[in-house]
Amino acid sequence: MDNFMKKIVVALGGNAILSKDASAESQQEAIFKTAQVLAEFIKRGHQLVITHGNGPQVGNLLLQQVAGSSDKNPAMPLDTIGAMTEGSIGYWMQKALGEILQKAGISKTVATVITQTQVAADDPAFKKPTKPIGPFYDKIEARKAKEKNPDYVFVEDAGRGYRRVVPSPIPEKVVEYPLVAMMLENGMVPIAAGGGGIPVSQNKNHQIIGQEAVIDKDYGAAKLAESIGADELIILTAVDYVFVNFNQPDQQKLTNTTVAELKKYIAEKQFAAGSMLPKINAAIEFVEATQGKAIITSLDRVTDLLEKGVGTIITS
Ligand SMILES: Nc1ncnc2c1ncn2[C@@H]1O[C@H](COP(=O)(O)OP(=O)(O)O)[C@@H](O)[C@H]1O
Ligand SMILES: NC(=O)OP(=O)(O)O
């Protein structure tokens with residue numbers, strides 16, 4: 001990667017937050033390790049915006065809310081639960097990264113922006129849930145959960161078990177992007193659009209209405225990166241590279257690739273719908289909108305990315 005200062009939006013995948021179990025202690029442990037990696041961007045003088053997923057957390061919190069609800073203490077709706085996870089994950093991250101930077105003698109404010117993301121109230125996604133949230137179930141557990149909550153939709157998730165899915169509308173605008181830009185200009189490190197941002201839309205009377213949905217964080221990150229004029233969108237996940245013929249004996253890593261090449265591979269169905277495809281689509285959206293660079297690699301290879309350009313690098 002070139003050495004001059006850049007404006008970078010990093011989108012963190014599931015393994016950056018939840019690696020062992022869902023306790024607050026082990027999620028904070030995972031986040032601390034992630035924050036040590038993210039500090040590398042700041043130590044090299046880059047402006048950094050951190051975004052993150054919330055699929056497991058939003059689903060787990062919803063289950064807790066529903067299980068403990070009563071007439072006097074009702075479960076919160078999904079938009080509010082999304083806001084709660086932006087708050088909790090953001091708090092863990094700002095605490096961890098703040099401490100790491102302080103120890104390194106870097107004086108920077110790390111702060112979470114509870115971000116709303118505008119979506120169309122008539123997005124067709126509201127009629128077709130696709131976003132997996134919460135824990136994995138086996139087939140019997142999924143059937144029992146469905147009997148208890150007939151409105152819930154469960155799908156098989158990439159051979160890993162069954163998960164509840166909820167609507168995931170496409171982001172039109174990250175509402176608080178000017179604040180994120182202002183924080184960067186003032187030398188701060190914003191954590192924003194966590195979980196893709198809280199899905200909201202406007203009704204005829206210009207009232208902001210929270211929506212029962214979970215936005216894909218890669219799409220949210222791409223929209224935010226585009227809005228603030230980022231130089232790079234870096235999507236950190238569990239694999240070092242995007243592959244063609246993934247998991248086949250003849251799999252091939254993509255190092256430097258283009259939007260046109262990726263579109264060809266999408267048509268060949270090279271990327272799994274619930275996992276790699278949204279990342280590729282988000283990368284394409286960002287590169288097409290900005291002529292910037294999108295990178296998909298793993299959290300473990302960030303130093304190699306910064307020093308040697310390791311990862312799948314997507315340009316126009
Ligand atoms: N063509 C592909 N190349 C690389 N990884 C792929 C591909 N298709 C599917 N995957 C899977 O997608 C995963 C990333 O998606 P996911 O686990 O949903 O991401 P997140 O890190 O955001 O939680 C990878 O770890 C890998 O197992
Ligand atoms: N909101 C979101 O995309 O979360 P995950 O990446 O954790 O699924």
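1. UniProt positions are given here in the numbering used for this chain, feature names are shortened, and annotations may be inferred rather than shown by experiment. With that in mind, the unreviewed UniProt entry places the feature "domain: Aspartate/glutamate/uridylate kinase" at residues 6-298.

2. A word on the basis: this is a predicted model, where local features need pLDDT of at least 70, side-chain atom pairs count only at pLDDT 80 or more, and totals for chains, interfaces and linings use all residues. Residues are numbered from 1 along each chain as its sequence is written, and chains are lettered from A and ligands numbered from 1 in the order in which they are written.

3. Look next at ligand 1, which has 15 residues around it (C-beta atom, placed from the backbone, within 6 Å). The closest are Gly13, Gly14, Thr237, Phe246 and Ser275. Ligand 1 lies between domain 1 (1-122 + 170-230) and domain 3 (241-315), because both give residues to its shell; the domain bounds come from an automatic or database assignment.

4. Ligand 2 has Gly14 in its surroundings too. The other residues around ligand 2 include Gly53, Asn54, Gly55, Asp216 and Lys217.
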